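Hi,

Here is the structure I promised to pass on. Have a look at it first, and then read my notes below.

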Amino acid sequence: MARTGFYPGSFDPVTYGHLDIITRAARLVDTLVLGVGVHHGKQALIPAGIRIALLEQVTKPIAEHTGVKIAVTTFNGLAVDAARKTHAGVIIRGLRDATDFDYEVQMGQMNGAMAPDIETVFLAASPATRMIASSLVKQIALMGGDITLFIPKEAQEVIAGALAKPSH
Ligand code: ADP
């Protein structure tokens, strides 16, 4: 039976931490759908269309290398509804620390109550990328810091462009 996984997130911007989770999730499923959350009231730095294009670009080598189909979509409701729409049997989430653990396990359990047919799989962050958070990457970039260690080159260019806009 072919397995589809759904990995939801903001990906604002995609980081090496996300790519680590995507690479490892590709070992567990045949198709991986990346869900870019576009929720009202959650202000993103990068427009959804660009976040999608970026994800497609930086995950292409992973898809080619693993043979796993990687698709990118947006969603604006519940992750379980979006997962169901993509026929995913598992939701993938990454765990960096105890804060992630508390939040993610609670959310996974509530999602499990709403959708018992969908299993949430938690992948512990890899040591090399565990400290990376999109929100901190944005703060560092805003203060002129070097973000090359944390996000792929394509994403750096997008961040540089977004921060160059007069509103920032
Ligand atoms: P959110 O807006 O829900 O915080 P993110 O897009 O930052 O979403 O993250 C989506 C998922 O990826 C979450 O499960 C988060 O824990 C995980 N994640 C983010 N950064 C990392 C990282 N450096 N290592 C492992 N998992 C991560």
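What follows is a short tour of the sheet, the helices beside it and one further helix.

Please keep in mind that this is a predicted model.

Let's start with the sheet. It is open and has 5 strands, which pair in parallel in the order β3-β2-β1-β4-β5. At its edges are β3 (69-75) and β5 (119-124), each of which pairs on one side only. From one strand to the next, the twist averages 30°. Helix α1 (residues 16-25) packs on this sheet and touches β1 (4-9), β2 (31-37), β3, β4 and β5. The direction of α1 makes about 120° with that of β5.

Next, look at the pair formed by β4 (residues 90-95) and β5, which is parallel and runs over 6 bridges. Helix α4 (residues 98-114) lies across β4 and β5, at about 170° to β4.

Finally, there is helix α6 (residues 153-164). At 1.5 Å a residue, its 12 residues should span 16 Å, and this agrees with the 17 Å between its end C-alpha atoms. Which residues of α6 are buried? They are A155, Q156, I159, A162 and L163. Seen down the axis of α6, these buried residues fall within an arc of 130°, so they line one face of the helix. They pack against α2 (48-66) and α5 (134-142). On the face turned away from the buried side, α6 carries the exposed residues K153, E157 and A164.

Enjoy exploring!

Best wishes

Methods:
Residues are numbered from 1 along each chain as its sequence is written. This is a predicted model: local features need pLDDT of at least 70, side-chain atom pairs count only at pLDDT 80 or more; totals for chains, interfaces and linings use all residues. Side-chain values use heavy atoms; hydrogens and water are left out. Two strands pair if DSSP finds at least two bridges between them. Helices (H or I, at least four residues) and strands (E, at least two) are DSSP runs, numbered from the N terminus. Axes are lines fitted to C-alpha atoms, for helices over the stretch in contact, and angles run from 0 to 180 degrees between N-to-C directions. Contact means heavy atoms within 4.5 Å. The expected span of a helix is 1.5 Å times one less than its number of residues. Buried means under 20% relative accessible area, exposed over 50%, partly exposed in between (1.4 Å probe, protein chains only). The arc is that of the directions from the helix axis to the C-beta atoms.
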